[in-house]
Amino acid sequence: MRDPELVVSLQGVRREYLEAALAEVRAGYGGLYRYLTAGPGLDPRALAALRKRPVG
């Protein structure tokens with residue numbers, strides 16, 4: 001790889017990236033719930049199961 005710093009920047013989490021992604025979700029779907037149900041087609045049961053999973 002010519003510039004390893006490019007990969008390093010993709011491995012982290014940046015607030016502005018998350019905010020931009022959420023803004024796109026809101027613009028396209030009206031919110032995260034609608035995105036998850038209309039986009040990948042998750043149903044309320046699947047969403048509830050995901051909410052119960054531990055983070056990390």
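Here is a chat about the predicted model shown above.

Visitor: Before we start, how does the numbering work, and what kind of model is this?

Guide: Residues are numbered from 1 along each chain as its sequence is written, and side-chain values use heavy atoms, with hydrogens and water left out. The model is predicted, so local features need pLDDT of at least 70 and side-chain atom pairs count only at pLDDT 80 or more, while totals for chains, interfaces and linings use all residues.

Visitor: Okay, how many helices and strands does the protein have?

Guide: There are four helices and zero strands, and from the N terminus the order is α-α-α-α. Both kinds of element are DSSP runs numbered from the N terminus: helices are H or I with at least four residues, strands are E with at least two.

Visitor: Is the protein spread out or compact?

Guide: More spread out than a compact globule, because its radius of gyration is 15 Å, well over the 10 Å that the globule rule gives for 56 residues. That radius is taken over C-alpha atoms, and the rule is 2.2 Å times the number of residues to the power 0.38. The C-alpha atoms fill a box of roughly 45 × 30 × 20 Å along the principal axes.

Visitor: And what share of the residues is buried?

Guide: Of the 56 residues, 5% count as buried. Buried means under 20% relative accessible area, exposed over 50%, and partly exposed in between (1.4 Å probe, protein chains only).

Visitor: Switching topic: which side chains meet in a salt bridge?

Guide: Arg15 and Glu19 do, at 3.0 Å from N to O, and the structure holds one salt bridge. The term means a side-chain nitrogen of Lys or Arg within 4 Å of a carboxyl oxygen of Asp or Glu.

Visitor: Where do Arg15 and Glu19 sit relative to each other?

Guide: They are four residues apart in helix H2, so about one helical turn separates them. Arg15 counts as exposed at 64% relative accessibility, whereas Glu19 is partly exposed at 44%.

Visitor: How exposed is Tyr29?

Guide: Tyr29, in helix H2, is partly exposed at 37%. Leu22, in helix H2, is partly exposed at 34%.
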